[in-house]
Protein chains: 2
Amino acid sequence: MSAADRFSFNHATAKFWDQREAVEACARAGAGIGLWREPLQEMGVEATAKLVQDAGVAVTSLCRGGFFTDPTPEAIADNKRAIEEAAAVGAPTLVLVSGGIPEGGTIDTAREGVRESLAALAPYALDHGVTLAIEPLHPMFASDRCVVTTLAEALDLAAPFAPEAVGVVVDTYHIWWDPQVWQGIARAGAEGRIASFQFADWITPLPAGVLTGRGQLGDGCIDFKRYLTEVNATGFTGPIEVELFNDTLWARPGPEVFAETKTAFENVVS
Amino acid sequence: MSAADRFSFNHATAKFWDQREAVEACARAGAGIGLWREPLQEMGVEATAKLVQDAGVAVTSLCRGGFFTDPTPEAIADNKRAIEEAAAVGAPTLVLVSGGIPEGGTIDTAREGVRESLAALAPYALDHGVTLAIEPLHPMFASDRCVVTTLAEALDLAAPFAPEAVGVVVDTYHIWWDPQVWQGIARAGAEGRIASFQFADWITPLPAGVLTGRGQLGDGCIDFKRYLTEVNATGFTGPIEVELFNDTLWARPGPEVFAETKTAFENVVS
(Lines give C-alpha, C1' and ligand atoms only; values in the text may rest on other atoms or scores of the structure.)
Protein backbone atom coordinates (compact mmCIF):
# COMPACT_ATOMS: atom_id res chain seq x y z
CA MET A 1 0.00 0.00 0.00
CA SER A 2 1.48 3.34 -1.00
CA ALA A 3 1.60 6.06 1.62
CA ALA A 4 -1.00 8.11 -0.27
CA ASP A 5 -3.46 5.24 0.14
CA ARG A 6 -3.06 5.38 3.91
CA PHE A 7 -4.70 8.80 4.23
CA SER A 8 -7.28 9.25 6.94
CA PHE A 9 -9.05 12.54 7.61
CA ASN A 10 -9.54 13.44 11.24
CA HIS A 11 -12.90 15.15 11.55
CA ALA A 12 -11.42 17.87 13.80
CA THR A 13 -9.54 19.22 10.76
CA ALA A 14 -12.91 20.49 9.54
CA LYS A 15 -14.43 20.72 12.99
CA PHE A 16 -17.72 22.31 12.01
CA TRP A 17 -18.39 20.09 9.00
CA ASP A 18 -21.40 17.83 9.37
CA GLN A 19 -20.32 14.31 10.38
CA ARG A 20 -22.42 12.64 7.68
CA GLU A 21 -20.97 14.80 4.93
CA ALA A 22 -17.44 14.21 6.22
CA VAL A 23 -17.92 10.44 6.27
CA GLU A 24 -19.40 10.44 2.78
CA ALA A 25 -16.55 12.57 1.44
CA CYS A 26 -14.03 10.14 2.91
CA ALA A 27 -15.92 7.24 1.33
CA ARG A 28 -15.82 8.85 -2.11
CA ALA A 29 -12.09 9.56 -1.76
CA GLY A 30 -11.20 6.11 -0.41
CA ALA A 31 -9.95 7.71 2.81
CA GLY A 32 -10.39 6.63 6.40
CA ILE A 33 -11.84 8.92 9.04
CA GLY A 34 -11.01 9.78 12.64
CA LEU A 35 -14.22 10.50 14.53
CA TRP A 36 -14.90 12.66 17.59
CA ARG A 37 -17.20 11.84 20.45
CA GLU A 38 -19.27 15.04 20.40
CA PRO A 39 -20.61 14.74 16.81
CA LEU A 40 -20.91 10.97 17.29
CA GLN A 41 -23.08 11.47 20.38
CA GLU A 42 -25.09 14.15 18.64
CA MET A 43 -25.95 11.78 15.80
CA GLY A 44 -26.20 8.83 18.18
CA VAL A 45 -23.92 5.82 18.50
CA GLU A 46 -26.07 3.44 16.47
CA ALA A 47 -26.78 5.95 13.72
CA THR A 48 -23.07 6.73 13.44
CA ALA A 49 -22.23 3.03 13.33
CA LYS A 50 -24.76 2.55 10.52
CA LEU A 51 -23.44 5.64 8.69
CA VAL A 52 -19.86 4.42 8.53
CA GLN A 53 -20.90 0.85 7.74
CA ASP A 54 -23.18 1.92 4.89
CA ALA A 55 -20.48 4.23 3.56
CA GLY A 56 -17.84 1.49 3.81
CA VAL A 57 -15.43 3.86 5.55
CA ALA A 58 -12.72 2.70 7.94
CA VAL A 59 -12.91 4.53 11.25
CA THR A 60 -9.25 4.82 12.14
CA SER A 61 -9.70 6.24 15.66
CA LEU A 62 -12.15 7.80 18.07
CA CYS A 63 -11.09 11.02 19.77
CA ARG A 64 -11.01 11.21 22.61
CA GLY A 65 -10.96 9.77 26.07
CA GLY A 66 -8.68 10.62 28.96
CA PHE A 67 -8.85 13.71 31.16
CA PHE A 68 -8.34 11.32 34.02
CA THR A 69 -5.34 12.65 35.95
CA ASP A 70 -7.83 12.75 38.80
CA PRO A 71 -9.11 9.16 38.51
CA THR A 72 -12.61 9.80 39.83
CA PRO A 73 -15.42 7.26 39.30
CA GLU A 74 -17.00 9.78 36.90
CA ALA A 75 -13.83 10.01 34.81
CA ILE A 76 -13.50 6.22 34.64
CA ALA A 77 -17.18 5.78 33.77
CA ASP A 78 -16.96 8.35 30.99
CA ASN A 79 -13.91 6.62 29.54
CA LYS A 80 -15.74 3.28 29.63
CA ARG A 81 -18.52 4.90 27.61
CA ALA A 82 -15.89 6.13 25.15
CA ILE A 83 -14.54 2.57 24.81
CA GLU A 84 -18.07 1.32 24.12
CA GLU A 85 -18.57 4.04 21.50
CA ALA A 86 -15.29 3.13 19.80
CA ALA A 87 -16.26 -0.54 19.70
CA ALA A 88 -19.72 0.30 18.35
CA VAL A 89 -18.41 2.31 15.38
CA GLY A 90 -15.57 -0.11 14.65
CA ALA A 91 -12.75 2.21 15.74
CA PRO A 92 -9.76 0.05 16.67
CA THR A 93 -8.30 2.85 18.78
CA LEU A 94 -9.47 5.30 21.41
CA VAL A 95 -7.14 8.29 21.65
CA LEU A 96 -6.42 9.38 25.23
CA VAL A 97 -5.38 12.88 26.20
CA SER A 98 -4.49 12.61 29.86
CA GLY A 99 -5.67 15.97 31.17
CA GLY A 100 -3.70 18.52 33.15
CA ILE A 101 -2.75 19.06 36.79
CA PRO A 102 -5.76 18.72 39.10
CA GLU A 103 -6.47 21.40 41.71
CA GLY A 104 -4.01 21.05 44.57
CA GLY A 105 -1.83 18.52 42.74
CA THR A 106 1.53 18.59 41.00
CA ILE A 107 2.61 17.19 37.65
CA ASP A 108 4.00 14.19 39.53
CA THR A 109 0.73 13.39 41.30
CA ALA A 110 -1.12 13.93 38.02
CA ARG A 111 1.09 11.33 36.34
CA GLU A 112 0.28 8.91 39.18
CA GLY A 113 -3.39 9.51 38.41
CA VAL A 114 -2.83 8.54 34.78
CA ARG A 115 -1.29 5.24 35.88
CA GLU A 116 -4.29 4.49 38.07
CA SER A 117 -6.80 5.35 35.38
CA LEU A 118 -5.05 3.20 32.79
CA ALA A 119 -5.09 0.24 35.18
CA ALA A 120 -8.82 0.75 35.71
CA LEU A 121 -9.53 0.93 31.97
CA ALA A 122 -7.13 -1.47 30.24
CA PRO A 123 -9.11 -4.68 30.92
CA TYR A 124 -12.33 -3.02 29.76
CA ALA A 125 -10.64 -1.90 26.53
CA LEU A 126 -9.26 -5.38 25.92
CA ASP A 127 -12.73 -6.90 26.45
CA HIS A 128 -14.13 -4.52 23.84
CA GLY A 129 -11.38 -5.03 21.27
CA VAL A 130 -10.32 -1.39 21.52
CA THR A 131 -6.73 -0.23 22.00
CA LEU A 132 -6.24 2.77 24.27
CA ALA A 133 -3.74 5.10 22.62
CA ILE A 134 -1.88 7.38 25.02
CA GLU A 135 -1.12 10.61 23.21
CA PRO A 136 1.88 12.59 24.36
CA LEU A 137 0.97 16.22 23.76
CA HIS A 138 3.40 19.06 23.17
CA PRO A 139 4.81 20.25 26.54
CA MET A 140 3.12 23.63 26.10
CA PHE A 141 -0.06 21.77 27.13
CA ALA A 142 1.48 20.06 30.17
CA SER A 143 -0.32 22.02 32.89
CA ASP A 144 -3.82 22.30 31.50
CA ARG A 145 -4.37 19.56 28.95
CA CYS A 146 -1.89 16.69 29.02
CA VAL A 147 0.82 15.85 31.54
CA VAL A 148 2.19 13.17 29.19
CA THR A 149 4.78 14.96 27.06
CA THR A 150 7.10 12.49 25.31
CA LEU A 151 6.89 9.16 23.49
CA ALA A 152 9.22 7.63 26.08
CA GLU A 153 6.89 8.68 28.88
CA ALA A 154 3.83 7.34 27.03
CA LEU A 155 5.61 4.03 26.40
CA ASP A 156 6.58 3.76 30.07
CA LEU A 157 2.94 4.33 31.01
CA ALA A 158 1.81 1.68 28.51
CA ALA A 159 4.44 -0.87 29.56
CA PRO A 160 2.44 -2.68 32.29
CA PHE A 161 -0.32 -3.58 29.81
CA ALA A 162 -0.65 -5.77 26.72
CA PRO A 163 -0.01 -3.83 23.46
CA GLU A 164 -3.54 -4.78 22.36
CA ALA A 165 -4.88 -2.92 25.40
CA VAL A 166 -2.62 0.14 25.58
CA GLY A 167 -0.56 1.73 22.84
CA VAL A 168 0.58 5.23 21.97
CA VAL A 169 -0.13 7.93 19.41
CA VAL A 170 2.73 9.12 17.22
CA ASP A 171 1.62 12.66 16.30
CA THR A 172 4.31 14.72 14.57
CA TYR A 173 2.97 18.03 15.91
CA HIS A 174 3.48 17.04 19.52
CA ILE A 175 6.83 15.24 19.38
CA TRP A 176 8.85 16.78 16.54
CA TRP A 177 11.02 18.87 18.90
CA ASP A 178 12.13 15.87 20.99
CA PRO A 179 15.85 15.09 20.64
CA GLN A 180 14.91 11.45 21.41
CA VAL A 181 12.08 11.23 18.88
CA TRP A 182 13.68 8.71 16.50
CA GLN A 183 14.60 6.42 19.36
CA GLY A 184 11.05 6.83 20.69
CA ILE A 185 9.51 5.80 17.37
CA ALA A 186 11.82 2.81 17.02
CA ARG A 187 10.97 1.71 20.55
CA ALA A 188 7.21 2.21 20.01
CA GLY A 189 7.40 0.03 16.91
CA ALA A 190 9.56 -2.65 18.53
CA GLU A 191 7.13 -2.84 21.45
CA GLY A 192 4.12 -3.06 19.09
CA ARG A 193 2.62 0.08 20.60
CA ILE A 194 1.95 2.33 17.60
CA ALA A 195 -1.83 2.53 17.82
CA SER A 196 -2.22 5.75 15.86
CA PHE A 197 -0.01 7.77 13.50
CA GLN A 198 -0.99 11.41 12.98
CA PHE A 199 0.36 14.29 10.93
CA ALA A 200 0.18 18.04 11.56
CA ASP A 201 2.80 20.68 10.81
CA TRP A 202 4.45 23.10 13.25
CA ILE A 203 4.12 26.77 12.40
CA THR A 204 4.77 30.00 14.29
CA PRO A 205 3.78 32.42 15.68
CA LEU A 206 1.51 30.45 17.99
CA PRO A 207 -1.89 32.00 18.64
CA ALA A 208 -3.06 33.01 22.14
CA GLY A 209 -3.98 29.86 24.06
CA VAL A 210 -1.82 27.87 21.59
CA LEU A 211 -4.51 25.26 20.87
CA THR A 212 -5.50 26.21 17.35
CA GLY A 213 -2.21 26.98 15.65
CA ARG A 214 -1.44 23.73 13.85
CA GLY A 215 -0.15 24.08 10.34
CA GLN A 216 -1.31 22.52 7.10
CA LEU A 217 1.15 19.83 5.98
CA GLY A 218 4.08 21.45 4.19
CA ASP A 219 3.55 24.91 5.70
CA GLY A 220 5.89 24.35 8.65
CA CYS A 221 9.19 22.80 9.67
CA ILE A 222 8.35 19.11 10.10
CA ASP A 223 10.13 16.56 7.91
CA PHE A 224 7.18 14.24 7.19
CA LYS A 225 9.16 12.02 4.83
CA ARG A 226 11.54 11.19 7.64
CA TYR A 227 8.64 10.40 9.99
CA LEU A 228 7.14 8.14 7.36
CA THR A 229 10.46 6.39 6.80
CA GLU A 230 11.12 5.89 10.51
CA VAL A 231 7.60 4.63 11.26
CA ASN A 232 7.58 2.38 8.18
CA ALA A 233 10.91 0.96 9.32
CA THR A 234 9.21 -0.39 12.45
CA GLY A 235 6.84 -2.42 10.26
CA PHE A 236 3.81 -0.23 10.97
CA THR A 237 1.56 -0.15 7.90
CA GLY A 238 -1.58 1.42 9.35
CA PRO A 239 -3.43 4.58 8.40
CA ILE A 240 -2.02 8.08 8.75
CA GLU A 241 -4.52 10.57 10.13
CA VAL A 242 -4.25 14.27 9.47
CA GLU A 243 -5.56 16.24 12.43
CA LEU A 244 -5.23 20.02 12.29
CA PHE A 245 -6.64 22.38 14.91
CA ASN A 246 -6.58 25.67 13.06
CA ASP A 247 -9.01 28.57 13.28
CA THR A 248 -8.45 29.56 9.66
CA LEU A 249 -9.23 26.04 8.41
CA TRP A 250 -12.25 25.83 10.73
CA ALA A 251 -13.73 28.95 9.16
CA ARG A 252 -13.71 27.39 5.69
CA PRO A 253 -16.13 24.93 4.03
CA GLY A 254 -15.48 21.26 4.88
CA PRO A 255 -15.22 19.95 1.30
CA GLU A 256 -12.58 22.55 0.48
CA VAL A 257 -10.57 21.75 3.62
CA PHE A 258 -10.83 18.03 2.90
CA ALA A 259 -9.57 18.39 -0.68
CA GLU A 260 -6.74 20.71 0.30
CA THR A 261 -5.65 18.44 3.15
CA LYS A 262 -5.68 15.33 0.97
CA THR A 263 -3.50 17.09 -1.62
CA ALA A 264 -1.13 18.40 1.04
CA PHE A 265 -0.83 14.89 2.45
CA GLU A 266 -0.05 13.42 -0.95
CA ASN A 267 2.59 16.10 -1.50
CA VAL A 268 4.45 15.52 1.74
CA VAL A 269 4.52 11.73 1.41
CA SER A 270 5.37 11.50 -2.29
CA MET B 1 23.76 30.86 53.10
CA SER B 2 19.98 30.70 53.27
CA ALA B 3 18.07 30.43 50.01
CA ALA B 4 16.65 33.94 50.47
CA ASP B 5 20.21 35.33 50.47
CA ARG B 6 20.84 33.77 47.05
CA PHE B 7 18.35 36.04 45.27
CA SER B 8 19.47 37.62 42.03
CA PHE B 9 17.24 39.86 39.93
CA ASN B 10 17.44 39.37 36.21
CA HIS B 11 17.11 42.77 34.57
CA ALA B 12 14.64 41.40 31.99
CA THR B 13 12.06 41.01 34.76
CA ALA B 14 11.76 44.80 34.68
CA LYS B 15 12.88 45.12 31.09
CA PHE B 16 12.35 48.87 30.71
CA TRP B 17 13.89 49.86 34.04
CA ASP B 18 17.05 51.91 33.72
CA GLN B 19 20.12 49.68 34.19
CA ARG B 20 21.74 52.05 36.71
CA GLU B 21 18.62 52.17 38.88
CA ALA B 22 18.24 48.38 38.71
CA VAL B 23 21.87 47.84 39.76
CA GLU B 24 21.56 50.31 42.62
CA ALA B 25 18.32 48.72 43.84
CA CYS B 26 20.02 45.30 43.86
CA ALA B 27 22.94 46.79 45.80
CA ARG B 28 20.62 48.24 48.47
CA ALA B 29 18.80 44.91 48.78
CA GLY B 30 21.93 42.78 48.86
CA ALA B 31 20.81 41.00 45.69
CA GLY B 32 22.77 39.94 42.64
CA ILE B 33 21.83 41.02 39.14
CA GLY B 34 21.60 39.31 35.77
CA LEU B 35 22.48 41.82 33.04
CA TRP B 36 21.48 42.00 29.38
CA ARG B 37 23.68 42.96 26.48
CA GLU B 38 21.46 45.68 25.00
CA PRO B 39 21.35 47.98 28.08
CA LEU B 40 24.99 47.13 28.79
CA GLN B 41 26.00 48.23 25.31
CA GLU B 42 23.85 51.32 25.56
CA MET B 43 25.64 52.42 28.73
CA GLY B 44 28.96 51.09 27.44
CA VAL B 45 31.00 48.14 28.65
CA GLU B 46 33.43 50.14 30.79
CA ALA B 47 30.73 52.32 32.32
CA THR B 48 28.68 49.25 33.20
CA ALA B 49 31.74 47.55 34.69
CA LYS B 50 32.38 50.64 36.83
CA LEU B 51 28.70 50.84 37.82
CA VAL B 52 28.54 47.31 39.20
CA GLN B 53 31.95 47.58 40.83
CA ASP B 54 31.11 50.86 42.55
CA ALA B 55 27.76 49.43 43.67
CA GLY B 56 29.41 46.25 44.93
CA VAL B 57 26.83 44.10 43.14
CA ALA B 58 27.52 40.56 41.97
CA VAL B 59 26.71 40.13 38.29
CA THR B 60 25.39 36.58 38.22
CA SER B 61 25.08 36.22 34.44
CA LEU B 62 25.07 38.08 31.17
CA CYS B 63 22.17 37.41 28.81
CA ARG B 64 22.64 36.47 26.15
CA GLY B 65 24.74 34.90 23.48
CA GLY B 66 23.86 32.12 21.10
CA PHE B 67 21.61 32.35 18.02
CA PHE B 68 24.30 30.35 16.29
CA THR B 69 22.51 27.33 14.79
CA ASP B 70 23.95 28.70 11.57
CA PRO B 71 27.58 29.04 12.70
CA THR B 72 28.51 31.95 10.47
CA PRO B 73 31.66 34.04 11.10
CA GLU B 74 29.34 36.90 12.13
CA ALA B 75 27.56 34.75 14.72
CA ILE B 76 30.86 33.53 16.17
CA ALA B 77 32.31 37.04 16.25
CA ASP B 78 29.25 38.41 18.01
CA ASN B 79 29.44 35.66 20.63
CA LYS B 80 33.12 36.43 21.20
CA ARG B 81 32.13 40.04 21.88
CA ALA B 82 29.52 38.76 24.35
CA ILE B 83 32.22 36.72 26.11
CA GLU B 84 34.40 39.83 26.33
CA GLU B 85 31.49 41.83 27.74
CA ALA B 86 30.78 39.17 30.36
CA ALA B 87 34.44 39.13 31.41
CA ALA B 88 34.54 42.94 31.57
CA VAL B 89 31.56 43.22 33.93
CA GLY B 90 32.63 40.25 36.05
CA ALA B 91 29.82 37.93 34.96
CA PRO B 92 30.97 34.35 35.51
CA THR B 93 28.42 33.07 33.02
CA LEU B 94 27.20 33.92 29.52
CA VAL B 95 23.74 32.49 28.89
CA LEU B 96 23.34 30.95 25.43
CA VAL B 97 20.02 30.59 23.64
CA SER B 98 20.82 28.52 20.60
CA GLY B 99 18.48 30.03 18.03
CA GLY B 100 15.95 28.25 15.84
CA ILE B 101 15.99 26.36 12.56
CA PRO B 102 17.87 28.26 9.83
CA GLU B 103 16.27 28.74 6.41
CA GLY B 104 16.42 25.48 4.49
CA GLY B 105 17.55 23.46 7.49
CA THR B 106 15.94 20.98 9.85
CA ILE B 107 16.07 20.73 13.62
CA ASP B 108 18.76 18.07 13.21
CA THR B 109 21.01 20.26 11.08
CA ALA B 110 20.39 23.16 13.48
CA ARG B 111 21.61 21.02 16.37
CA GLU B 112 24.74 20.20 14.36
CA GLY B 113 25.29 23.94 14.00
CA VAL B 114 25.12 24.37 17.79
CA ARG B 115 27.86 21.75 18.21
CA GLU B 116 30.09 23.57 15.74
CA SER B 117 29.52 26.96 17.35
CA LEU B 118 30.27 25.65 20.82
CA ALA B 119 33.53 24.15 19.59
CA ALA B 120 34.48 27.50 18.07
CA LEU B 121 33.67 29.42 21.26
CA ALA B 122 34.63 27.18 24.19
CA PRO B 123 38.39 27.93 24.13
CA TYR B 124 37.70 31.66 23.92
CA ALA B 125 35.35 31.46 26.91
CA LEU B 126 37.92 29.49 28.91
CA ASP B 127 40.60 32.09 28.10
CA HIS B 128 38.31 34.83 29.42
CA GLY B 129 37.21 33.00 32.57
CA VAL B 130 33.61 32.93 31.42
CA THR B 131 31.44 29.81 31.42
CA LEU B 132 29.08 29.40 28.48
CA ALA B 133 25.71 28.25 29.83
CA ILE B 134 23.57 26.37 27.32
CA GLU B 135 19.94 27.09 28.12
CA PRO B 136 17.38 24.50 27.12
CA LEU B 137 14.24 26.47 26.27
CA HIS B 138 10.69 25.17 26.47
CA PRO B 139 9.91 23.11 23.33
CA MET B 140 7.32 25.67 22.24
CA PHE B 141 10.33 27.76 21.16
CA ALA B 142 12.07 24.92 19.30
CA SER B 143 11.54 26.17 15.74
CA ASP B 144 12.16 29.89 16.10
CA ARG B 145 14.24 30.51 19.20
CA CYS B 146 16.03 27.48 20.64
CA VAL B 147 16.46 23.99 19.23
CA VAL B 148 17.87 22.80 22.58
CA THR B 149 14.86 21.60 24.56
CA THR B 150 15.92 19.42 27.51
CA LEU B 151 18.59 19.34 30.19
CA ALA B 152 19.77 15.98 28.87
CA GLU B 153 20.28 17.47 25.42
CA ALA B 154 22.11 20.50 26.84
CA LEU B 155 24.37 18.23 28.89
CA ASP B 156 25.13 16.08 25.85
CA LEU B 157 26.09 19.24 23.95
CA ALA B 158 28.30 20.39 26.84
CA ALA B 159 29.97 17.01 27.31
CA PRO B 160 32.95 17.48 24.93
CA PHE B 161 34.13 20.55 26.86
CA ALA B 162 35.49 21.29 30.32
CA PRO B 163 32.76 22.27 32.82
CA GLU B 164 34.58 25.59 33.31
CA ALA B 165 34.05 26.31 29.62
CA VAL B 166 30.54 25.00 28.99
CA GLY B 167 27.73 24.42 31.46
CA VAL B 168 23.94 24.56 31.39
CA VAL B 169 21.13 26.74 32.70
CA VAL B 170 18.57 25.15 34.99
CA ASP B 171 15.50 27.37 34.42
CA THR B 172 12.32 26.02 35.97
CA TYR B 173 10.08 27.66 33.35
CA HIS B 174 11.65 25.76 30.50
CA ILE B 175 12.10 22.30 31.98
CA TRP B 176 9.35 21.78 34.57
CA TRP B 177 7.25 19.59 32.23
CA ASP B 178 10.10 17.12 31.55
CA PRO B 179 9.46 13.64 32.99
CA GLN B 180 13.27 13.30 33.26
CA VAL B 181 13.84 16.63 34.98
CA TRP B 182 15.02 15.31 38.35
CA GLN B 183 17.48 12.95 36.68
CA GLY B 184 18.63 15.85 34.50
CA ILE B 185 19.31 18.07 37.51
CA ALA B 186 21.16 15.30 39.34
CA ARG B 187 23.28 14.66 36.25
CA ALA B 188 23.97 18.37 35.72
CA GLY B 189 25.17 18.63 39.31
CA ALA B 190 27.25 15.46 39.19
CA GLU B 191 28.95 16.67 36.02
CA GLY B 192 29.62 20.12 37.54
CA ARG B 193 27.63 21.81 34.80
CA ILE B 194 25.11 23.99 36.67
CA ALA B 195 26.27 27.40 35.51
CA SER B 196 23.01 29.23 36.18
CA PHE B 197 19.88 28.51 38.19
CA GLN B 198 16.78 30.51 37.26
CA PHE B 199 13.20 30.69 38.53
CA ALA B 200 10.00 31.61 36.69
CA ASP B 201 6.53 30.15 37.14
CA TRP B 202 4.33 28.47 34.51
CA ILE B 203 0.89 30.00 34.00
CA THR B 204 -1.81 29.64 31.39
CA PRO B 205 -3.36 30.73 29.11
CA LEU B 206 -0.25 31.53 27.10
CA PRO B 207 -0.33 34.83 25.21
CA ALA B 208 -0.03 35.02 21.41
CA GLY B 209 3.58 34.39 20.43
CA VAL B 210 4.08 32.72 23.86
CA LEU B 211 7.22 34.73 24.72
CA THR B 212 5.85 37.02 27.41
CA GLY B 213 3.63 34.77 29.49
CA ARG B 214 5.92 33.82 32.38
CA GLY B 215 4.33 33.85 35.78
CA GLN B 216 5.39 35.57 38.98
CA LEU B 217 6.73 33.00 41.45
CA GLY B 218 3.84 31.34 43.25
CA ASP B 219 1.22 32.22 40.62
CA GLY B 220 1.63 28.99 38.66
CA CYS B 221 2.14 25.25 38.99
CA ILE B 222 5.88 24.92 39.59
CA ASP B 223 7.09 23.35 42.83
CA PHE B 224 10.03 25.67 43.57
CA LYS B 225 10.84 24.06 46.91
CA ARG B 226 11.44 20.76 45.17
CA TYR B 227 13.70 22.43 42.58
CA LEU B 228 15.64 24.08 45.38
CA THR B 229 15.97 20.78 47.22
CA GLU B 230 17.07 18.85 44.15
CA VAL B 231 19.60 21.48 43.04
CA ASN B 232 20.94 21.92 46.59
CA ALA B 233 21.35 18.15 46.78
CA THR B 234 23.89 18.33 43.96
CA GLY B 235 26.02 20.68 46.05
CA PHE B 236 25.25 23.77 44.00
CA THR B 237 25.21 26.84 46.27
CA GLY B 238 25.21 29.64 43.69
CA PRO B 239 22.75 32.44 43.11
CA ILE B 240 19.17 31.96 41.98
CA GLU B 241 18.06 34.42 39.33
CA VAL B 242 14.45 35.35 38.79
CA GLU B 243 13.81 36.08 35.14
CA LEU B 244 10.21 36.81 34.11
CA PHE B 245 9.18 37.86 30.62
CA ASN B 246 5.73 39.26 31.26
CA ASP B 247 3.96 42.14 29.56
CA THR B 248 2.03 43.06 32.69
CA LEU B 249 5.20 43.27 34.78
CA TRP B 250 6.98 45.20 32.04
CA ALA B 251 4.26 47.85 32.11
CA ARG B 252 4.86 48.57 35.82
CA PRO B 253 7.56 50.68 37.56
CA GLY B 254 10.85 48.85 38.11
CA PRO B 255 11.13 49.44 41.89
CA GLU B 256 7.66 47.97 42.42
CA VAL B 257 8.43 44.91 40.26
CA PHE B 258 11.74 44.42 42.06
CA ALA B 259 10.14 44.54 45.52
CA GLU B 260 7.29 42.24 44.53
CA THR B 261 9.66 39.74 42.89
CA LYS B 262 11.98 39.67 45.91
CA THR B 263 9.03 38.99 48.22
CA ALA B 264 7.64 36.31 45.91
CA PHE B 265 11.07 34.66 45.83
CA GLU B 266 11.35 34.67 49.60
CA ASN B 267 7.88 33.16 49.86
CA VAL B 268 8.52 30.25 47.50
CA VAL B 269 11.88 29.30 49.04
CA SER B 270 10.95 29.68 52.71
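Arg252(A) is partly exposed in this predicted model. Its relative accessible area is 28%. Glu256(A) is also partly exposed, at 41% relative accessibility. The two residues form a salt bridge. Their closest N and O atoms are 3.1 Å apart.

**Salt bridges**

Side chains of opposite charge can pair when their charged atoms come close. How many salt bridges are there over all chains? The count comes to 28. Three of them are set out below.

| Salt bridge | Closest N and O atoms |
|---|---|
| Arg252(A) with Glu256(A) | 3.1 Å |
| Arg115(B) with Glu112(B) | 2.6 Å |
| Glu243(B) with Arg214(B) | 3.1 Å |

Take the pair in helix α5 of chain B, which spans residues 107–127. Arg115(B) and Glu112(B) both lie in this helix, three residues apart. That spacing is about one turn of the helix. Arg115(B) counts as partly exposed, with 41% relative accessibility. Glu112(B) is partly exposed too, at 41%.

Now turn to Glu243(B) and Arg214(B). Are they buried or exposed? Glu243(B) is buried, with a relative accessible area of 3%. Arg214(B) is buried as well, at 3%. Where do they sit in the chain? Glu243(B) lies in the loop between β10 (240–242) and α10 (247–250) of chain B, while Arg214(B) lies in strand β9 (residues 214–215), so the pair ties together parts that are 29 residues apart in sequence.

Salt bridges can also share partners. Arg37(A), Asp78(A), Arg81(A) and Glu85(A) are joined into one network in this way.

**The barrel**

Strands of a sheet pair through backbone hydrogen bonds, either parallel or antiparallel. In chain A, eight strands close into a barrel, and the pairing is parallel. The order is β1-β2-β3-β4-β5-β6-β7-β10. From one strand to the next, the twist averages 30°. Helix α6 (residues 151–158) of chain A packs on the sheet. This helix touches β5 (131–134) and β6 (166–171) of chain A. Its direction makes about 170° with that of β6(A).

Strand β7 (residues 194–199) of chain A runs parallel to strand β10 (residues 240–242) of chain A. Two bridges join these strands. Phe199(A) has Val242(A) in β10(A) as its bridge partner.

**The nonpolar core**

In soluble globular proteins, nonpolar side chains tend to be buried together. Here the largest nonpolar core has 180 residues. Which residues have the most contacts inside it? They are Phe199(A) and Phe199(B). Leaving aside neighbours within four places in sequence, Phe199(B) is in contact with residues including Leu217(B), Phe224(B), Ile240(B), Val242(B) and Phe265(B).

Methods: Residues numbered from 1 in each chain as written. Chains lettered and ligands numbered in written order. Predicted model: local features only at pLDDT ≥ 70, side-chain atom pairs only at ≥ 80, totals over all residues. Heavy atoms only, no water. Pairing = 2+ DSSP bridges. Helix = DSSP H or I, 4+ residues; strand = E, 2+ residues; numbered from the N terminus. Axes fitted to C-alpha atoms, helices over the stretch in contact; angles between N-to-C directions. Contact = heavy atoms within 4.5 Å. Core = buried A, V, L, I, M, F, W, Y, C linked by side-chain atoms within 4.5 Å. Buried < 20%, exposed > 50% of the residue type's maximum accessible area, 1.4 Å probe, protein only. Salt bridge = Lys/Arg side-chain N within 4 Å of Asp/Glu carboxyl O.
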